[in-house]
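Student: Can we go through an interface together? Put the model up and I'll ask as we go.

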Amino acid sequence: MTIHNLYIFDKFGCLLYYAEWNRLKSSGITREEEAKLMYGMLFSLKSFVSKISPLDTKKGFVCYKTNKYALHYLETPTGLKFVLNTDVNAQNVRDLLHQIYSKVYVEYVVKNPVVNLRDPIKSELFKVKLDGMIKQFPAVSKAS
Amino acid sequence: MVIYGVYIVSKSGGLIFNHDHNVPKIENEHTFSYPLDIKLVYENKKVVVSFGQREGIMVGHVLTAANGMPVTGKQLDDGRDVLEVIENSESYPLTLKFSRPRMTTNEKIFLASMFYPLFAIASQLSPEPKSSGIEVLEADTFKLHCFQTLTGVKFMVVAEPSQTGVDLLLKKIYELYADFALKNPFYSLEMPVRCELFDSNLQTLLEQIEKTGISNV
């Protein structure tokens, strides 16, 4: 059970934060371009899912899996997007994304008075707390 | 145990077969009083909800009947314009029926070719080397299972999220495709599959699965 990397996008599609833990392959393009590609893919996936769905969707797109990894997606009502890549067998990743949002992002970014929410996150405290939360996640601690 | 639909996409990304198996009909009828509290627009020859949601009526749903009288385009069956009827305060209380629009063939072709780049980008953005494309796409209302053959043909099944063993079904559909489409002397590769035997066998397979489950096929 491994967690590969995390992207946080704001509602305009700007990359706010990127972190990686066990990434074994880079996509061969710059971080900036990769973020644009990722956002573009998610945007299309979202519209694809809402069109092909036989019933009315609420959360819409939740995750996809390939033979090597799984991408989990959480969008808050404010349009903030959390994307976490894990291995295929990881469980309860959605809860983890929720926790990252409510216990790390809200606590250490939203409640930080000097942060402009549209700027990329540079806070050291956020980074430390996020790292802590990822490493504490049962799927990760079991492996290590 | 519900399978909503089956799609086959050729190696160049075009839709060559689709089958709607069990698409639920979503209809909502509701009596409104004047003024109407949802906003309707006329687009693509349909009267569509553009703003406001209530009791199952959502943005994107199409108006299908007013006071029990079917609506085609924006015309009621007796020739009146339904938008005028809705504007007129004397026609209230008014019962309107809305339904979620079915996908048209054009939309299906559009969506099938849209899946192709998504599949490719997913493998490019992989954090692990040698990843395949999307195999399972999960949403809150359905799961899309995709199987790509060695020759690049993609089989997709849209099923209920709880449906298990869909990969077996995909292999089975591949078998049917090989037997009844590829071995048909009148079928040319990359072209839409129009083979009666394939259709009927697929139908039987899906019905059998619905009755007895995938593991018994």
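Tutor: What follows is about how chain A and chain B meet. This is a predicted model, in which local features need pLDDT of at least 70, side-chain atom pairs count only at pLDDT 80 or more, and totals for chains, interfaces and linings use all residues. Residues are numbered from 1 along each chain as its sequence is written, chains are lettered from A and ligands numbered from 1 in the order in which they are written, and side-chain values use heavy atoms, with hydrogens and water left out.

Student: How many residues are in contact?

Tutor: On chain A 37, and on chain B 38, counting heavy atoms within 4.5 Å.

Student: And what area is buried between them?

Tutor: About 3,600 Å², with 65% from carbon and sulfur atoms; that is accessible area (1.4 Å probe) lost on putting the two parts together, summed over both. Phe48(A), Pro54(A) and Asp56(A) supply 19% of what chain A buries against chain B, more than any other three residues.

Student: Which side chains meet in a salt bridge?

Tutor: Asp56(A) and Arg100(B), at 2.8 Å, N to O. The rule (a side-chain nitrogen of Lys or Arg within 4 Å of a carboxyl oxygen of Asp or Glu) finds one salt bridge across this interface.

Student: Switching to strands, what does S3(A) join in chain B?

Tutor: Strand S10 (residues 136-139) of chain B, through four bridges, running antiparallel. Strands are DSSP runs of E, at least two residues, numbered from the N terminus, and two of them pair if DSSP finds at least two bridges between them.

Student: Which residue is the partner of Lys65(A)?

Tutor: Val136(B), in S10(B).
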